[in-house]
Amino acid sequence: MAQQERARRTREKVLTAAAEIFADQGYESTTLNTVADRIGMTKGALYGHFPSKGSLARALIDESRTTWTCLRARYDTPGADAAEVLEDVVVGFADRLRSDVRLRAALRLAADRPALAEPATDVLTEMHTALTDLVRRAQRHNGFPDHSPSLVAELLLIVVRGLLNTRPTCDNNAHTAGGEPLWRLLFTALSGTPALPTLP
């Protein structure tokens, strides 16, 4: 049992180290040697856990799909308001993305190397499908405007990914967890609700 626990902890260390490098450098520039060096392992020992760079990347993508599924299940409960679920899952995912390097790496991998997810669905495709469905539900039940559901989902994913590249500015309020003022502005615009006046 102790040996199994050590193996599990080592695997977790490898995944986190690989995620840090994938998120920073991308798939092509990452090597197993770099990952092994990051945590003081030999390449041979690393092979005992992951036989290739692709298997490391796929493990992170698989984990990210689980993260998304759990997050959606937390908010998308029976009888929940679809428009609120849509906003909650997007903002919740954006919050998680800022703090979880493994999730950030998985999204970069899914965007840069979609073939890595085959034959399974990558997290971006899964999110797009789920968000499109939520927009349709919000249109049917909550009076959400008649935008193309697929385009709305694509826009939300573009903003989620764009938040990874934002840098703090003098307007600190725009960079709170999940970029909350940004999301309020975006969802207000999408819903067609008149925005409250803001002070200059």
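Modeller: Let us begin with E5, which forms a salt bridge with R8, their closest N and O atoms being 2.7 Å apart. This is a predicted model, in which local features need pLDDT of at least 70 and side-chain atom pairs count only at pLDDT 80 or more, while totals for chains, interfaces and linings use all residues. Residues are numbered from 1 along each chain as its sequence is written, and side-chain values use heavy atoms, with hydrogens and water left out.

Biologist: Why is the pair of E5 and R8 called a salt bridge?

Modeller: The term requires a side-chain nitrogen of Lys or Arg within 4 Å of a carboxyl oxygen of Asp or Glu. The N and O atoms of R8 and E5 are 2.7 Å apart, so the pair meets the rule. E5 and R8 are three residues apart in helix α1 (residues 2-25), which means that about one helical turn separates them. Helices are DSSP runs of H or I with at least four residues, strands are runs of E with at least two, and both are numbered from the N terminus.

Biologist: What makes E5 and R8 buried, partly exposed or exposed?

Modeller: Buried means under 20% relative accessible area, exposed means over 50%, and partly exposed lies in between, with a 1.4 Å probe and protein chains only. E5 has 29% and R8 has 43%, so both count as partly exposed.

Biologist: Which residues does R102 meet in salt bridges?

Modeller: R102 meets E12 at 2.9 Å, N to O. Because R102 lies in helix α6 (residues 101-112) and E12 in helix α1, this pair ties together parts that are 90 residues apart in sequence. R102 also meets E63, at 2.5 Å from N to O, and this pair links distant parts of the chain, since E63 is in helix α4 (residues 53-75), 39 residues from R102. R102 has a relative accessible area of 11% and is therefore buried, whereas E63, with 27%, is partly exposed.

Biologist: How do you know that F22 and Y27 are stacked?

Modeller: Rings of Phe, Tyr and Trp (its six-membered ring) pair if their centres lie within 6.5 Å, and planes under 30 degrees apart count as stacked, over 60 as edge-to-face and the rest as tilted. F22 and Y27 are 5.9 Å apart centre to centre, with 10 degrees between the planes, so they form a stacked pair. Both F22 and Y27 are buried.

Biologist: What makes V89 buried, and which residues is V89 in contact with?

Modeller: V89, in helix α5 (residues 82-99), has a relative accessible area of 0%, so it is buried. Contact means heavy atoms within 4.5 Å. Leaving aside neighbours within four places in sequence, V89 is in contact with W68, L71, R72, Y75, L131 and L134.

Biologist: How many helices and strands are there in the chain?

Modeller: The chain has nine helices and zero strands, and of its 200 residues 40% count as buried.
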